[in-house]
Amino acid sequence: MDARARRLALVSGRWDPMLTVVDIDAALDPANNDTDRAVITRARVTPDIALPSGARAPAVGLPVSVAVVPELDRLVVVNHAGAASPQALDAHPHGHAGAVAMFDLRATLAGAATRPTLLLPTATFGPVGCVVAPDGRHLLVAAGEGPGLEDGGYQISVIDLLTLTLRHNFPLPHEGEPTRAGSPDPGFGRYPNPAGIAIARGTPDLVLTADGGSSTVTAFALTDVLSGEPHTPLARLDLPTGPFGIAASPDGTLAVVASRECPRTGAEGNAVTFLDLAALRRGDGWAARHVAVGSDDGRPSRPMGVAFSPDGLSVFATCFRTGTVSRIERTAQGDWKESGRAALSDPLGSPPCPRGIGVTGDGALVVVAGGARGAPGSSQLWLLDARTLRMLARVSGVGNETYFIEVIEISYTASQ
């Protein structure tokens with residue numbers, strides 16, 4: 001049989017309780033531009049629930065991030081609001097019990113899985129980012145909120161993907177009581193409210209959290225997080241603005257974090273921060289470097305998502321407020337600098353609001369998801385040339401206010 005590699009984008013639907021799977025090469029066909037014809041399947045990430053009227057309807061869930069482990073045939077979607085009802089979210093959008101929706105990967109890609117095989121509670125509230133450990137067995141999920149509150153998140157859920165069980169919730173530093181007010185509020189800062197999470201390979205492997213509530217990045221040894229026992233962080237870095245997305249370089253020596261907004265003041269950021277993890281492992285600190293992205297005049301660009309190229313020589317960042325994607329490259333002097341920027345557009349003229357971002361395995365394409373909250377299926381997926389940032393294709397119908405995405409390459413046979 002003819003073995004081929006299939007490039008796919010897995011898109012979290014946010015207000016659409018769906019995972020959308022897009023065939024990247026089909027999307028590049030000009031005949032499919034500005035349509036959803038490159039969508040190969042959509043899978044519901046929530047069950048039907050009983051409404052106060054007695055009728056049944058899909059839970060909202062707010063899916064926000066995705067991970068896959070092909071060796072275990074696992075596909076995982078993090079539901080920020082678990083299986084919450086539309087009425088509960090209309091009453092209060094924060095602090096709902098979280099869950100992860102488990103799917104069989106092959107069945108989902110074949111269009112045969114329209115519901116999760118399991119909806120596993122995280123025993124936390126408002127989870128956001130997730131990352132698979134190098135052992136391919138454990139999933140780490142950052143809990144971004146507290147019970148019934150926007151503030152109060154302080155845990156990393158460790159999930160066993162082999163047994164499909166929650167092992168434990170690992171605590172991050174926090175103190176006192178969370179503020180009961182929504183952001184912005186000066187009471188934020190006592191709880192980390194981690195959003196993004198990444199793992200950097202090395203000695204030791206590091207778990208890094210982007211702590212939007214305390215405007216910090218926290219680093220732990222992966223072995224400590226997996227142990228189930230509380231441990232002191234290896235390091236913690238204060239940032240000028242609360243971060244959101246975070247990524248580690250392929251060689252594990254660098255990390256980059258997107259500074260979204262300060263929860264205490266509401267001031268939005270306009271930079272990404274590079275962290276020298278090799279220096280951190282040597283005991284020399286983070287050697288942090290801030291790089292402005294998305295605007296030339298200092299105005300806020302609200303960076304959201306970040307991704308390294310496969311060779312580690314470039315970083316790409318989405319800027320929500322300016323509706324742009326930036327390419328950042330290392331200069332001959334060893335610094336990082338924004339070297340390219342592209343403005344995205346929505347076919348109906350809505351703000352593009354880019355968030356999730358990924359890069360194909362060959363480094364040729366940057367894949368971006370975004371869109372303002374609107375009608376079901378109103379979000380877009382953009383495919384950009386990684387060198388020029390020229391838009392090559394746009395896919396519609398990938399969710400409603402989409403968040404993080406996962407870009408994968410998976411082998412299959414022509415008969416499948």
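This is a predicted model: local features need pLDDT of at least 70, side-chain atom pairs count only at pLDDT 80 or more; totals for chains, interfaces and linings use all residues.

Modeller: Residues are numbered from 1 along each chain as its sequence is written, and side-chain values use heavy atoms, with hydrogens and water left out.

Colleague: Which strands stand at the edges of the open sheet of four strands?

Modeller: Strands are DSSP runs (E, at least two residues) numbered from the N terminus, and two of them pair if DSSP finds at least two bridges between them. The order is E21-E22-E23-E24, with antiparallel pairing. Each edge strand has a single partner strand, so one side is left without a neighbour in the sheet; these are E21 (303-308) and E24 (336-343).

Colleague: Which residue in E24 is the bridge partner of Glu 329?

Modeller: Strand E23 comprises residues 324-330 and pairs with E24 in the antiparallel sense over seven bridges. The partner of Glu 329 in E24 is Lys 337.

Colleague: How many degrees lie between the planes of Phe 244 and Phe 404?

Modeller: Rings of Phe, Tyr and Trp (its six-membered ring) pair if their centres lie within 6.5 Å; planes under 30 degrees apart count as stacked, over 60 as edge-to-face and the rest as tilted. By this rule there are five aromatic pairs. Phe 244 and Phe 404 form a tilted pair, 5.5 Å centre to centre, with the planes at 35 degrees.

Colleague: Is Phe 404 buried or exposed?

Modeller: Buried means under 20% relative accessible area, exposed over 50%, and partly exposed in between (1.4 Å probe, protein chains only). At 15% relative accessibility, Phe 404 counts as buried.
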